[in-house]
Amino acid sequence: MKKRNIFREFNDEKWEQVRTHPYYASLREATLLKAEELLATDPPCIKFSDFHKFVTEGTRSAYEAPFGQYTKRMNTYFFCYLLTGDEKYIDPLVDVLWSICDLETWAANSHVKDEAPIKERRRCLDLVSTMLGARISEILYYIGDNFPELAYRRIKEEVRFRIIDCYREKRDVNDFVWYTKPNNWSAVCAANVFATFLYLAEDEEINVEIPRFMATVQCFIDAFPDDGCCLEGTGYWKYGVSHYMIFATMLKEYTDGRIDLYQSEKVRKIAEFYNHAAINDHQGLSFSDGGLGYSPSAWIMHHLKRVYPDFMVPPIDPPTDSVKSLREVLWCDPDVDTCPNKPGSYSFPIAQWFVHVGDKYSVGAKAGCNNEPHNHNDVGSFLISKNNEVTFVDPGGEEYVKTYFSGSRYKHLMPSSRGHSVPVINGHLQCKGTTKSTVYTMTDDRFTFTLDNAYPEACRATLESAVRDFDC
Amino acid sequence: MKKRNIFREFNDEKWEQVRTHPYYAKVRESTLESAEKLLAVDPPYLKFSDYHKFVTEGSRKAYGTPAGQYTKRMSVYFFCYLLTGDEKYIEPLVDVMWSICDRETWAINAHVKEEESIIERRRFLDLGSCILGYRMAEILYYIGDKFPELAYRRIKEEIRFRIIDCYREKRGETDFWWYKASNNWSAVCAATVFSTFLYLAEDEEIEAELPRFMKTVQCFIDGIPDDGCCLEGSGYWSYGFSHYMLFATMLKEYTDGKIDLYQDEKVRKIANFYSRIAINDHQCLSFSDGGLAYNPSAWIMHHLKKIYPDLPVPPIAPPTNDSGVLRYILWCDPDVATCEHKLESYSFPIAQWFLHIGEKYSVGAKAGFNKEPHNHNDVGSFLISKNNEVTFVDPGCGEYVKTYFGAGRYTHLMTSARGHSVPIINGYIQCTGTNKSTVYTMTDDRFTFTLDGGYPEACRATLESAVRDFDCQSDKLVLTDTYKFTELPTSLVEQFVSLMPITGESGELHCGDSVLHYDPTLFDAELGSESFRRNNGTEDTLYWVRLAVKNLEKEITLKFEFD
C-alpha cells in the first residue's frame with residue numbers, strides 16, 4: 001500500500017508520548033482494561049430480525065446496539081495494538097473486521113431501504129458505511145501487513161467494492177443525497193470516503209475525485225449561516241465539523257499545503273461556534289436536536305488551536321474512555337495553552353440565537369424559523385441557568401426512531417412546539433414554516449423578536465402580531 | 001416460485017402422519033425440545049481465526065463445529081414450523097439463514113484454497129456449499145412466502161449467485177474436480193445442485209443442465225465396482241448413495257418417470273451393499289474411512305424398499321432426533337414390511353471384501369490394493385466378531401485434519417499399515433500402490449489371496465510371495481501366512497490390532513472374548529498401544545501385538561488360531 005504523507009500526528013514521537021505521558025494515563029489504563037473485558041467474550045449476535053425492526057417497529061437501537069459492539073471492538077483492539085505492539089490483539093481484530101465484511105450492508109437500517117436491490121444495499125454510502133470504510137482502511141493502511149493474506153485481501157476488496165468503487169461509479173449528484181446535502185452528512189460522508197481513498201486508492205483515482213469531494217464539503221459549509229451557528233444542534237457541530245476538519249487536514253497534507261480550507265473566514269467562524277454555545281460551566285444551548293451537556297472535545301479543540309494559534313481553548317479533561325478513532329487520541333495536545341473556562345454573552349445574528357451570561361443567571365434563546373436543519377417547532381424557545389444548573393429548558397433531541405424523521409416528526413414531543421416554552425395561541429401550536437422572525441433588538445442583555453411567523457396560516461388570520469422580549 | 005411435482009412424500013397426508021403417528025412421537029418430541037433450547041440462546045460466533053485454523057493448525061473442527069450449529073438451527077426451525085405451523089419459528093429461521101448468507105464462503109475450509117480469488121471463494125462449489133444451497137432452496141421453495149420480502153430476495157439471490165449461476169457459468173469439465181469424481185463427491189454435489197435447480201431455477205435452465213448432472217452422477221456409479229461394494233467405507237455409502245437416491249428420485253419425478261436410474265442393475269447392486277456388511281447385530285465392516293457402528297438409516301432403507309420391493313429391510317428404530325433434511329423424516333415408512341435382521345456370509349469378488357458369518361464367531365477381511373478411494377494401506381486387514389462384539393479390528397477412520405488428505409496421509413495411524421493387522425516384512429510396512437491382490441479362493445468360509453502387492457518395490461525385490469489364508473472352521477479361525485523369499489529375510493513381524501486391550505502371554509493372547517493362539521517358541525511378542533483421534537475429535541487407543549519371527553528362513557509359514 002502506498003504510504004502517503006498524511007495524518008502527520010501518527011508518528012513515532014507522538015506514539016511515544018501516548019505510551020508514556022501522564023496526560024494519556026487514564027486513557028491507556030481504561031482502554032487496556034476494556035480490551036481485556038472484550039477479549040474474554042464473543043461479540044453479540046447480529047440478527048436480521050433486529051436489523052428489520054426499523055421496518056417492523058421503527059426502532060434503530062435493536063440493531064445499533066450489537067452492531068456498535070463490533071465497531072467498539074475494532075477500535076479498541078486497533079488502539080491497544082498500536083499502544084502495546086502485543087500480537088494478541090491481531091486475531092480478535094481480524095475476526096471482528098472479517099465479521100463486519102460479512103454484513104449484508106454497512107449502512108444503518110434507517111438509511112437504506114428494504115426495497116433497494118441487494119447490490120445497492122451492499123454498497124449504500126451513508127454515515128455508517130463511510131465511517132466503517134474510513135476506519136477499516138486506516139487499520140489496513142497501518143497494520144494490514146500483520147494480517148493473514150486472505151483476510152487482508154478480502155477486507156481490502158470489501159472496502160474497495162463498497163466504498164471506493166461505488167463512489168467512483170455513482171457520479172450523479174442524485175446518486176446519494178449527501179453529495180449536496182446541507183448538513184452534517186456532506187462533511188461526514190465526504191471526509192470518510194476521502195480518507196478511505198487516501199488510505200487505499202491510487203493517486204490518479206484520488207486526483208480525479210478531489211473536485212467532487214470539495215464540492216460536497218462546500219455544501220456543508222454553505223448550510224451554515226455566515227455567523228457560524230450550527231443550527232442542527234451542538235452535538236452536530238462536533239460530529240460535522242470534526243469530520244470537516246479531518247477532510248481539510250488530510251487535503252492540506254495530501255496537497256502539501258496547496259489547498260488549505262482553514263483559511264476561509266467562514267470556516268474560522270464555524271470553528272468558533274462551540275466556544276459560544278455554553279450557558280454555564282457544563283451546559284450549553286440545547287436547541288434543535290442538540291443536547292444540554294456541554295463537553296468540548298480535547299482532540300477537536302486542540303487541533304483547532306494548531307490550525308488557529310489564537311483560538312481559545314478551555315481546559316478540557318484528557319480522554320479517559322476507549323476512543324472511536326485515532327484522531328481522538330493523536331490530535332490531543334497535552335501541552336496546549338488553555339484559557340479559563342468562562343462562558344460569555346454572544347449572539348448569532350443570522351441564526352438568531354442569543355446567549356446572555358449574567359452574574360446571577362444566564363439565558364439562551366432562539367428566534368429563527370421552523371424549517372431549520374433537524375428542525376424543531378421552537379421559535380422563541382429559551383433556557384435559563386441559575387446557580388450553574390439549567391432550570392427552564394429547551395429539551396433538545398429524543399430517540400431516533402423511524403417516525404422521528406418522517407411526516408410524523410412533530411407528533412414527537414421534542415420536535416413539537418408542545419415540548420418547548422412557547423405559547424399556544426387560539427389553540428394553535430407552532431408549525432413548520434420558512435418565515436423567519438424579525439429581530440427588533442439583539443444585544444448582550446436584550447433580545448426582542450416576532451413569534452407570529454411560526455404559527456399556521458389559520459392562526460395568523462386573526463393574530464396581527466406576537467412579539468417576545470427577553471430583558472436580562 | 002414455480003411449484004413442481006417433486007418430493008412427492010411432501011404432502012398433506014404424509015405430514016398428518018408425521019404429526020400424529022406414534023412412529024414419529026420421539027422425533028416430534030425431541031426436535032421441539034431441541035428447538036426450545038436453541039431458541040433460548042444465540043448461535044455461536046463464527047470467527048475468521050477459527051476458519052483459518054485449517055491453515056495454521058490443520059484443523060477443520062474449530063470452524064466446522066460452530067458453523068454446524070447454524071445448519072442445525074436451520075433444519076430444526078424449518079421442521080418445527082412445518083410440524084406445528086407456529087410462526088415463532090420463522091424469525092429465528094430467517095435470522096440463521098441471513099447469517100449463512102453473510103458468510104464469505106459456503107465451502108468447507110478444507111476444500112477451498114485461501115489463495116483463491118474472493119469471488120471464486122464465495123461461489124466455490126463443494127460438499128459444504130452445495131448442501132447449504134440445497135437446504136436453503138428447499139426452505140425457500142416451501143415457506144419462503146412467509147419471509148420478509150427483503151430476506152426472501154436476498155437469500156434467493158445468494159443461492160442463485162453461489163450455486164445456480166456458478167454451475168451454469170463454470171461448464172468446463174475441470175472447473176470443479178467433482179464434475180468427474182469417482183467418489184461420493186459427484187453424487188452429493190450433483191444431487192444437491194440439481195435439487196437447488198429444481199427448487200429455484202427456471203425450466204429451461206434445468207433442461208439445459210440435465211445432461212451435465214447425469215454425467216456427473218454416472219461417475220459416482222462408475223467409481224464403484226460392479227459388485228456394488230463401497231470402497232470408501234460404510235459411512236460413505238450412506239452419504240454418497242443417499243444423495244444418489246435424492247438425485248435419481250428427483251429426476252424420476254421431474255421427468256414423470258421417463259428417466260429412472262433405479263432400473264440399472266448395478267445401481268440395484270449398490271443399493272444392496274449396506275444389507276451385506278453387518279458382522280454382528282450392531283457392527284460392520286469398517287474398512288477404509290468407514291466406521292465400526294452398523295446403523296442402517298430408516299429413511300434410506302425404507303425409500304429403497306419402495307423402489308425395490310424385495311430389498312430386505314431390517315427392523316430400524318424410528319428417527320429420534322432432529323437429524324437434518326426433511327427426507328430423513330418423510331422418506332421413512334412407519335408401516336414398512338421388515339424382515340428379521342439376518343446376518344449372512346457374503347463376498348464382494350471385485351472389491352475383494354470377504355464376510356464369513358459363523359455360529360461361534362464371524363470374520364470380515366479385505367484384499368484389494370492400496371490405492372482405493374479414501375485409501376488405507378490395508379491389504380489383508382481383518383476383523384473378528386465374538387459374542388456379538390468386534391475384538392480384533394480394522395480401526396476405520398481417523399480425524400479429518402489437513403494432512404489426512406495430503407501428502408502426509410500415511411503418517412496418520414489409521415491410514416497407515418501400522419494401524420492394521422498386517423505384517424511388517426523385512427522392516428517394510430505396506431505402501432500405496434495399484435497392484436491388486438490375486439485371490440486364490442473366495443467362498444463363504446475360505447479366503448486366500450496374495451499380500452505382497454501391498455509392499456514397496458524394495459521389499460518385493462527379495463519377497464517372492466506372501467499369501468494370507470483365512471480358514472473359517474466351525475470353532476475357530478485359522479489364519480495362515482505363507483512367505484517365500486529369494487534371500488534370507490532380516491526380519492518378519494506379524495501385527496494384530498484391536499480397540500480393546502490385548503493381554504496375556506506365552507502363546508495365548510486375550511482380546512475381548514477372542515483368544516489368539518500361536519506357538520510362543522517361534523516369536524518374540526511385544527504388546528503396545530498408540531492413541532489417535534477420531535473424526536468427532538475424541539481420543540481413542542489402538543492396542544497392538546507384534547510377533548517377531550525368531551528363526552528366519554527363506555520359506556516361512558505362520559499359523560494363528562482365533563477362537
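Student: How many salt bridges turn up over all chains?

Tutor: A search of the whole structure finds 78. Keep in mind that this is a predicted model.

Student: What makes Glu169(A) and Arg123(A) a salt bridge?

Tutor: The cut-off is a Lys or Arg side-chain nitrogen within 4 Å of a carboxyl oxygen of Asp or Glu. Here the closest N and O atoms are 2.9 Å apart, so the pair meets that definition. It also links distant parts of the chain: Glu169(A) sits in helix α9 of chain A and Arg123(A) in the loop between α7 and α8, 46 residues apart.

Student: Which salt bridge involves Lys47(A)?

Tutor: Lys47(A) pairs with Asp42(B), with the closest N and O atoms 2.9 Å apart. Between chain A and chain B the count is two salt bridges.

Student: How much area do chain A and chain B bury between them?

Tutor: About 2,600 Å², with 59% of it on carbon and sulfur atoms. On the chain A side, Phe48(A), Ile118(A) and Leu150(A) lose the most area to chain B, together 25% of what that side buries. The contact takes 32 residues from chain A and 30 residues from chain B.

Student: How are α8(A) and α9(A) packed?

Tutor: Their axes are 10 Å apart, at an angle of about 145°, and the crossing is left-handed. Among the residues that meet are Ile136(A) and Leu140(A) from α8(A), and Val159(A) and Ile163(A) from α9(A). By class, that contact has six nonpolar, four polar and one charged residues.

Student: How do you know that the reach of helix α5 of chain B is close to what's expected?

Tutor: Take its 24 residues: at 1.5 Å a residue you'd expect 34 Å, and α5(B) reaches 33 Å from its first C-alpha to its last. Just after α5(B), Gly85(B) takes a positive phi of about 70°.

Notes:
Residues are numbered from 1 along each chain as its sequence is written. Chains are lettered from A and ligands numbered from 1 in the order in which they are written. This is a predicted model: local features need pLDDT of at least 70, side-chain atom pairs count only at pLDDT 80 or more; totals for chains, interfaces and linings use all residues. Side-chain values use heavy atoms; hydrogens and water are left out. Axes are lines fitted to C-alpha atoms, for helices over the stretch in contact, and angles run from 0 to 180 degrees between N-to-C directions. Helices (H or I, at least four residues) and strands (E, at least two) are DSSP runs, numbered from the N terminus. A crossing is left-handed if the near helix is turned anticlockwise from the far one by less than a right angle, and right-handed if clockwise. Contact means heavy atoms within 4.5 Å. Ala, Val, Leu, Ile, Met, Phe, Trp, Tyr, Cys and Pro count as nonpolar, Asp, Glu, Lys and Arg as charged, and the others, Gly among them, as polar. The expected span of a helix is 1.5 Å times one less than its number of residues. Buried area is the accessible area (1.4 Å probe) that two parts lose on being put together, summed over both.
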